[in-house]
Amino acid sequence: MRIAGFSLLILILMSACTSTVNTEKRIRTTVSGEMLFSGPSSLQAPVSNSASALAEELNIDVADLSSIGVSAIEISLADEQAKVAESLLLQIVSNNNEMTALGTLSPLKGGTSFDLKVAEEIDLLPFMKDEGATWVLDVNLSEDIMDEMQATADLTLRINHKN
């Protein structure tokens, strides 16, 4: 009994020595779509920031990543496109993970740059480890846009990893 208790104490002390670091990183992506009609329309782009690339930037192993949260999302539209955009919803989806909402804003009030209200308790790590991860920006439009529409998404990530 004493040996088991001592072993448990050692395990607890060892796990307490492992510290978790919270690192912020800003990433940018451009989503686009063509021939968009009045009402809900989607702009998309592949996720180019994989978990392995983020781990390499932080000089850690991918296995040391514990979660990737989102603390801020800013969407920028061209002036003429911002005038016909009524709401924004940024989501992410991948081959093995269901679509998840990251942030939203409705209604849009003037300007071309919009700070979305970020959903709570988001973990992008499963998406960034998965093949085929895609950013999806749903834009509710008041008019048709026949040309390509682009939007820039700046996300501030909160990367939690073992030190």
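**View A. Five salt bridges are counted in the structure, which is a predicted model.** One of them joins D154 to R26, with the closest N and O atoms 3.7 Å apart. This pair links distant parts of the chain, since D154 belongs to strand 9 and R26 to strand 1, 128 residues apart. D154 also meets R28 in a salt bridge, in which N and O are 2.7 Å apart. Because D154 lies in strand 9 and R28 in strand 1, this pair ties together parts that are 126 residues apart in sequence. How buried or exposed are the residues involved? D154 is buried, because its relative accessible area is 5%, and buried means under 20%. R26, with a relative accessible area of 48%, is partly exposed, whereas R28, at 58% relative accessibility, counts as exposed.

**View B. K83 and D79 form another salt bridge.** Their closest N and O atoms are 3.6 Å apart. K83 is exposed, with a relative accessible area of 63%, while D79 is partly exposed, with 43%.

**View C. Strand 9 pairs with strand 1 and with strand 3.** Strand 9 covers residues 149-162, and strand 3 covers residues 65-77. Between strand 1 and strand 9 there are 14 bridges, in the antiparallel sense; here N22 stands opposite N160 of strand 9. Strand 3 and strand 9 are likewise antiparallel, over 11 bridges. Two places in this pairing may be located: V70 stands opposite L157, and L65 has H161 as its bridge partner. Is strand 9 mostly covered or mostly uncovered? Strand 9 is mostly covered, as 10 of its 14 residues are buried.

**View D. Strand 3 also pairs with strand 6.** Strand 6 consists of residues 113-115, and the two strands run in the antiparallel sense over three bridges. In this pairing, I75 stands opposite F114 of strand 6.

**View E. I68 is a buried residue of strand 3.** Its relative accessible area is 0%. Which residues does I68 touch, leaving aside those up to four places away in sequence? They are L54, I122, D123, L124, L125, M128, L157, R158 and I159. With L125, the separation of I68 is 57 residues in sequence, yet the C-alpha atoms are 5.3 Å apart in space.

**View F. Helix 2 has a buried side and, opposite, exposed residues.** Helix 2 comprises residues 51-58, and A51, L54 and A55 within helix 2 are buried. These three residues lie on the same side of helix 2, because they cover an arc of only 100 degrees around the axis. An α-helix has 3.6 residues a turn, so residues three or four places apart point the same way. E56 and E57, on the other side of helix 2, are exposed. Against what do the buried residues of helix 2 pack? Their neighbours are strand 1, strand 3, helix 4 (125-129) and strand 9. Just after helix 2, N59 adopts a positive phi of about 60 degrees.

**View G. S87 is a buried residue of strand 4.** Strand 4 comprises residues 85-94. S87 counts as buried because its relative accessible area is 17%, and the limit for buried is under 20%. Not counting residues up to four places away in sequence, S87 touches L105, S106, L108, D138, V139 and N140.

**View H. M35, F37 and M146 form a nonpolar patch on the surface.** Together these three residues have about 310 Å² of accessible area. M35 is found in the loop between strand 1 (20-33) and strand 2 (39-46). M35 counts as partly exposed, at 48% relative accessibility.

**View I. The protein chain as a whole contains four helices and nine strands.** From the N terminus on, the order of the elements is α-β-β-α-β-α-β-β-β-β-α-β-β. The chain has 163 residues, and 38% of them count as buried. Among contacts with a separation of 6 or more, 78% are between residues 24 or more positions apart. The chain exposes about 9,400 Å², of which carbon and sulfur atoms supply 50%.

Conventions: Residues numbered from 1 in each chain as written. Predicted model: local features only at pLDDT ≥ 70, side-chain atom pairs only at ≥ 80, totals over all residues. Heavy atoms only, no water. Pairing = 2+ DSSP bridges. Patch = residues over 30% accessible without salt bridge, like charges linked within 9 Å, V, L, I, M, F, W, Y side chains within 5 Å. Areas by Shrake-Rupley, 256 points an atom, 1.4 Å probe, with all protein chains shown as cover. Salt bridge = Lys/Arg side-chain N within 4 Å of Asp/Glu carboxyl O. Buried < 20%, exposed > 50% of the residue type's maximum accessible area, 1.4 Å probe, protein only. Contact = heavy atoms within 4.5 Å. Arc of directions from axis to C-beta.
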